Amino acid sequence: MAFFCLRHRRRWWCHRAFLVCLCWLAALLFRPLDGAGNLLTSFEVQHGYIYPPAVTVAEGEVMHLRLLVPMQEGDRCLYREPGSPTDIDVHGDNGSSRRRTEHKLLRFGDAECSIRVNPVHRRDGGFWRLTLVRGTERIRGVTMVDVIERPAVPEIGAGSGAVSSFAEISPERTEYCFVQRQSSTEGGGDGVVVPMYERCHLPLSETDPTGAGVWSVIAGVQGQMREMSYGIHIENKEEQIVTAVDKELDYHVLSCTLRYTKLMLKFCRFVRLADGLGLNVVPGIGTPRYGYIGAGFERNECGLEILGPEGLDKGTWKCLLGYGDEALTKVTGAIVDNSDTSPPLAIVGRDVTATAQNGTTASLLCNANKPIDYCWFRGPHGQFYSLSESLTHGDGAPYWYSGIALSMGECGITFAALVAGEHAGRWHCYVGNGHVSALEVSASFEVRISPSQIISPAGDRVEAVLGFPALLGCDSIPRGTPLQYCRFVTPAGEAFSLNENVTTERPVLGRFYSNPNHNLAKGSCSLVIAAVREEDFGQWICAGKIEGHPVEHIYGVLLHNRDDGGPSGGEDEDPTATGGTLSAASISGMVVGAVAVVGGAVAVGYWQFRKRLHRQTVAANEEIQMRTLEERPRISVLSTSISEGSSSTNSQTAL
């Protein structure tokens with residue numbers, strides 16, 4: 001029996017075989033202990049008894065049951081309904097007129113003991129028994145009757161009137177079917193279709209890969225004799241995710257449903273963009289606040305139920321769906337907005353500074369908080385890089401799209417080889433969504449390319465001040481690749497290694513120690529100079545060995561004295577780098593300070609000028625008075641002299 005069920009994937013075949021065994025068991029149980037009933041003899045077992053031993057019939061259909069023993073003159077045929085203790089003669093009344101009238105219970109043939117039930121109701125499900133009475137002998141058989149709902153045409157074409165070629169077009173409990181284009185059936189049957197078993201599907205081919213058009217389906221289903229015939233309209237629809245948000249007072253439901261695919265959902269993940277919280281959403285598993293809701297992965301439905309939503313829950317989420325079969329797994333996703341107010345389109349994830357090794361494959365990322373229709377990049381020399389999800393690796397293009405999907409707001413570009421002379425510099429990323437705004441949103445970032453597989457995060461030139469601390473370092477490429485060790489060489493030629501044990505309490509050479517953020521396991525090597533000396537200015541070497549590499553990598557960094565004459569950097573120097581151009585706040589502070597200094601100088605100068613003028617005036621008056629007393633006869637001369645002296649004094653005062 002187990003082998004039979006394994007060989008037949010149809011569930012009702014297993015049920016039928018199981019019911020046959022039940023009938024045999026029931027026949028044995030009904031056998032009288034004294035043998036007077038003669039229920040079954042070797043003859044009846046050898047030649048069969050009731051047919052069929054089990055039957056599945058749809059409600060409203062006609063059911064036929066019979067004993068496979070020919071009747072003779074004088075034989076009687078009795079039947080017993082499920083749940084009834086009484087045998088009823090098929091030819092006689094025996095108080096069964098109501099039942100016979102209601103069910104139109106009639107004999108099926110004169111040659112055998114048989115009945116026909118028309119129509120079948122739900123209550124007719126169970127064990128039916130036929131008994132052939134021949135003198136003192138009785139031949140009995142039991143049939144298990146399973147009454148099912150009347151099969152219906154699958155719900156196809158709802159709403160738009162057309163379905164995808166991946167939609168289920170089979171009625172339930174399909175035994176066989178024929179699927180053919182209606183144009184072929186109407187035109188005389190020029191298209192030959194091989195019968196299909198257990199499931200109806202479109203006979204797609206290389207010349208007809210989508211099956212778009214109108215098809216005719218003829219299906220034979222379990223439980224009824226009449227075939228089902230209907231038409232369907234097929235459209236070529238691509239795979240897509242349909243999202244929905246249901247907000248109630250004490251709970252929210254975020255749902256993602258995968259449609260138009262013959263593959264089945266394997267996993268579902270929700271990510272909260274505000275803090276990166278990730279949830280593995282699985283039916284039957286949850287937390288006090290989060291849980292799965294939906295019709296199951298079999299129907300490609302994934303929903304997140306949030307009980308008592310608060311704070312960051314009322315924001316933007318991403319759902320990522322993995323689906324496929326045993327040989328293939330694909331990942332797609334969508335953005336689900338659970339915000340109380342709709343935020344504007346914005347770029348929320350990008351590299352402030354991206355690093356790469358010269359001539360190697362590298363990616364640049366730029367993500368939005370909403371689904372986007374398109375995105376593109378502009379390089380440092382005005383290059384334009386348009387992206388599409390169809391632009392994939394392997395097409396021979398020098399670059400390709402590297403996000404999961406634009407519907408998730410993900411925009412990424414991967415270059416087969418980033419070259420310093422062409423790609424190093426300031427980049428711009430642009431995203432657009434015509435349903436949100438006609439204006440595109442952009443962001444800029446810096447791309448730095450190193451000749452080796454390590455690079456200085458602060459740039460090739462670091463500004464420092466004599467007597468003050470300074471910070472030097474280098475990181476691995478790709479960022480986060482572990483370093484086995486790292487070391488530095490000073491401009492004076494002193495060399496030392498650096499690790500987490502070199503601290504402020506245990507510095508190298510009394511003044512070099514590790515930055516607390518230094519972590520070799522994350523590919524970061526960072527040095528702190530406690531107090532910069534004159535011999536520290538110049539070219540430093542940072543070297544490190546990346547795990548799995550046979551040799552170490554080297555990068556050079558210039559430590560420059562900011563107090564040296566001339567500008568600290570060119571006009572195009574990165575303003576975010578150490579010692580770069582001053583910020584707007586610094587410039588404002590300098591302007592205010594300059595105004596204050598100039599104002600103070602003017603006030604002090606004016607006060608000194610008034611004080612000097614007063615002293616000169618007093619001295620001139622005293623001199624005039626003395627000369628007047630000594631030289632009274634010479635008044636006219638004195639008057640001239642006084643006039644000349646006053647003019648001279650006034651001239652000096654004016655100066």
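Reply:

**The core and its disulfide**

Leu559 touches Val462, Ala464, Ala470, Leu472, Ile529, Val532, Asp536, Phe537, Gly538 and Trp540, leaving aside residues up to four places away in sequence; contact here means heavy atoms within 4.5 Å. The model is predicted: local features need pLDDT of at least 70 and side-chain atom pairs count only at pLDDT 80 or more, whereas totals for chains, interfaces and linings use all residues. Residues are numbered from 1 along each chain as its sequence is written, and side-chain values use heavy atoms, with hydrogens and water left out.

Leu559 is among the residues with the most contacts inside the largest nonpolar core, which has 30 residues. Such a core is a set of buried Ala, Val, Leu, Ile, Met, Phe, Trp, Tyr and Cys residues joined through side-chain atoms within 4.5 Å. Buried means under 20% relative accessible area, exposed over 50%, and partly exposed in between (1.4 Å probe, protein chains only). The largest share of this core, 4 residues, comes from strand β37 (residues 524-529); strands (E, at least two residues) and helices (H or I, at least four) are DSSP runs numbered from the N terminus.

Cys525, also among the core residues with the most contacts, forms a disulfide with Cys486, their sulfur atoms 2.0 Å apart; a disulfide is a pair of cysteine sulfur atoms within 2.5 Å. The pair links distant parts of the chain, Cys486 in strand β34 (residues 483-489) and Cys525 in strand β37, 39 residues apart. At 70 degrees about the S-S bond, their link is right-handed. Cys525 counts as buried because its relative accessibility is 1%.
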